[in-house]
Amino acid sequence: MTAVTERLALDRPAPAVRPSALAAVDRVFRLSAHLCALLVLAVLVGVLAAMVHGGWPIFRELGAADFLTSSVWDVNTDRYGAWPAIAGTLMTALIALLIGVPVSLGIAVFLTELAPPWLKHPIATAVELLAAVPSIIYGMWGLFVLAPLVARYVQAPLNQVVEGMPILGTILSSQVPSGTGIATAGVILALMIIPFIASVTRDIFDQIPTVLRESAYGIGCTTWEVVRHVLLPQAGVSIIGAIMLGLGRALGETMAVTFVVGNANRLSASIFDPGSTIASRIANEFNEAFGLQMNALLALGCVLFLVTFAILFVARLLIARVRAP
Amino acid sequence: MAAVPAHLSACEAVPWRRVRRQRRVADRLMRVLCVAFTAVGVFALGWILAMLAWEGVHALSPRIFTEATPGPGSEGGGLANAIVGSLVLTFLGIAIATPIGVMAGTYLAEYGKASRLATTIRFVNDALLSAPSILIGLFVYTVMVQPMGSYSGWAGAVALAIIATPVIVRTTEDMLRLVPSTLREAGAALGAPPAIVIRSITWRAARAGMVTGIVLALARIAGETAPLLFTALNNSSWFNANLLGGVSNLPVTIFQFALSPYPNWQQLAWAGALLITVAILALSVSARLLLRRRTTR
């Protein structure tokens with residue numbers, strides 16, 4: 001039925017009364033729609049091409065492996081290594097996920113299973129609106145509120161506790177308790193991805209048929225058992241998809257991280273020391289960069305593009321597989 | 001009562017009371033954790049907004065809207081040029097993105113459907129939707145700023161348009177798909193070719209939803225900073241209508257002023273941050289109201 005009508009309506013226009021004018025309008029409209037759609041494709045290809053083209057001198061002269069693993073970033077001697085920025089990006093994103101995922105899953109469970117109706121709607125709306133707050137706001141809060149708190153109440157006491165300890169002493173101590181660093185950036189990123197993951201997960205939970213829940217409660221399950229044995233298996237990989245979408249955001253987030261990450265070019269073993277991420281490095285240096293340094297930054301952009309694109313690809317596959325049947 | 005499974009009833013020693021207690025404790029623990037997580041999340045996010053409102057309201061004054069951004073170390077000053085520049089860039093960006101996004105969304109919903117090209121474009125659109133915005137800035141820098149030789153308002157507008165387009169494409173397609181196909185069939189039965197059916201029937205039926213998408217796109221680009229850093233950058237002088245030069249705008253100004261050592265710059269940054277957040281939240285709320293009115297009617 002639909003197949004027939006669709007063909008009737010769109011593919012083969014019925015012979016028009018005034019073929020010349022109407023057919024021309026029709027063709028122009030169809031063509032422009034087609035072109036605009038192709039433009040979207042062209043932009044993505046263009047972004048990738050610009051990054052690869054701009055980063056090519058670096059990949060050619062230093063070699064991709066050298067560029068990715070070297071940890072020297074020295075503008076004066078034109079030596080560029082991406083590892084500190086890549087490691088910083090991964091560390092901040094990891095910290096963000098470690099904090100953000102449990103909290104957002106908790107919020108999603110609270111909103112779908114526990115909250116009384118009068119509380120449900122306001123909190124859900126607030127969470128969704130907070131996803132729209134621009135990232136510089138999170139950055140300013142991180143710089144002016146969170147960083148001083150971290151410096152005074154986390155770094156200073158922690159330095160005394162872990163001093164001299166074998167492994168913890170390296171990971172958790174900070175040379176200068178300034179509050180800015182990889183850990184602070186991770187916390188800010190966590191706050192930024194919580195609204196996002198929470199609202200996507202809530203949507204996924206909401207789509208699970210109520211009958212499943214009711215039958216589980218009917219055989220005497222507690223709320224936790226319903227969540228653990230009914231909701232989570234049902235939602236399954238699409239929750240992982242939602243988390244990966246959040247991860248993609250965390251990896252590419254620029255402004256908030258630039259405020260609080262400390263922007264140091266070297267690699268540090270401690271998560272409380274300043275570092276940098278790919279995006280913050282680009283934001284800090286690109287406007288003053290020239291020559292090979294600009295190529296190096298574009299090569300960093302290329303790495304970021306490929307990583308976020310791969311993550312998005314996997315996330316889409318995971319979410320699509322659940323929604324398909 | 002005989003419902004106890006065989007393997008359990010075989011061993012008499014199953015301590016049911018303990019099992020029941022464990023289940024109850026696990027349940028309580030999980031409930032408390034979920035409530036605590038929600039409280040922590042809402043508290044942290046509320047703290048951010050409260051801090052913003054507190055600092056912002058204190059920094060607000062009429063001269064924010066009348067005076068240009070001050071130079072380093074000078075007293076006073078406002079944000080007038082940045083506000084005007086932001087409005088111009090945002091609306092230019094939307095003006096570029098709207099026709100492209102609506103037409104591309106129309107292609108996906110009405111022409112392409114499940115074809116391979118449409119599926120690819122749908123995926124690419126999703127990729128652009130969540131691509132790091134700083135990469136869009138880099139892209140526009142290499143294709144516009146570098147060849148033209150200077151930072152320009154046009155480059156900023158194009159960068160914002162690239163970020164807004166995927167939002168519009170996505171909502172347009174979703175909204176067009178909600179239009180019942182009987183409407184299209186009725187139009188086709190009257191002899192209208194597809195272009196006429198789409199323009200005078202499908203678009204009209206989906207108008208509220210499509211406008212919602214454009215409003216959401218506005219909210220999305222109004223606070224974008226990263227793509228403007230390398231494109232529109234800034235311009236400390238009072239607003240000049242020349243879009244071929246750098247154009248001052250709120251997000252970049254906030255970024256530069258917040259990181260500066262001058263207290264009056266930091267104050268201005270808070271004021272600007274409050275203005276931008278209020279504008280974006282107002283846009284998001286109106287988008288929701290628009291959509292709700294459509295669905296209840």
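Buried residues make up 53% of the 325 residues in chain A, where buried means under 20% relative accessible area, exposed over 50% and partly exposed in between, with a 1.4 Å probe and protein chains only. Please keep in mind that this is a predicted model, in which local features need pLDDT of at least 70, side-chain atom pairs count only at pLDDT 80 or more, and totals for chains, interfaces and linings use all residues. Residues are numbered from 1 along each chain as its sequence is written, chains are lettered from A and ligands numbered from 1 in the order in which they are written, and side-chain values use heavy atoms, leaving out hydrogens and water.

Now, the overall shape. Chain A has a radius of gyration of 25 Å, while a compact globule of 325 residues would be near 20 Å; that radius is taken over C-alpha atoms, and the globule rule is 2.2 Å times the number of residues to the power 0.38. Along the principal axes, the C-alpha atoms of chain A fill a box of roughly 85 × 65 × 35 Å.

On to contacts, meaning heavy atoms within 4.5 Å. Of the contacts in chain A with a separation of 6 or more, 75% are between residues 24 or more positions apart.

Let's finish with one residue, Glu225(A). Where is Glu225(A) found? It is in helix 10 of chain A, residues 223-235; helices here are DSSP runs of H or I with at least four residues, strands are E runs of at least two, and both are numbered from the N terminus. Glu225(A) has a relative accessible area of 15%, so it counts as buried. Leaving out residues up to four places away in sequence, Glu225(A) touches Gly220(A), Val230(A) and, from chain B, Arg23(B).
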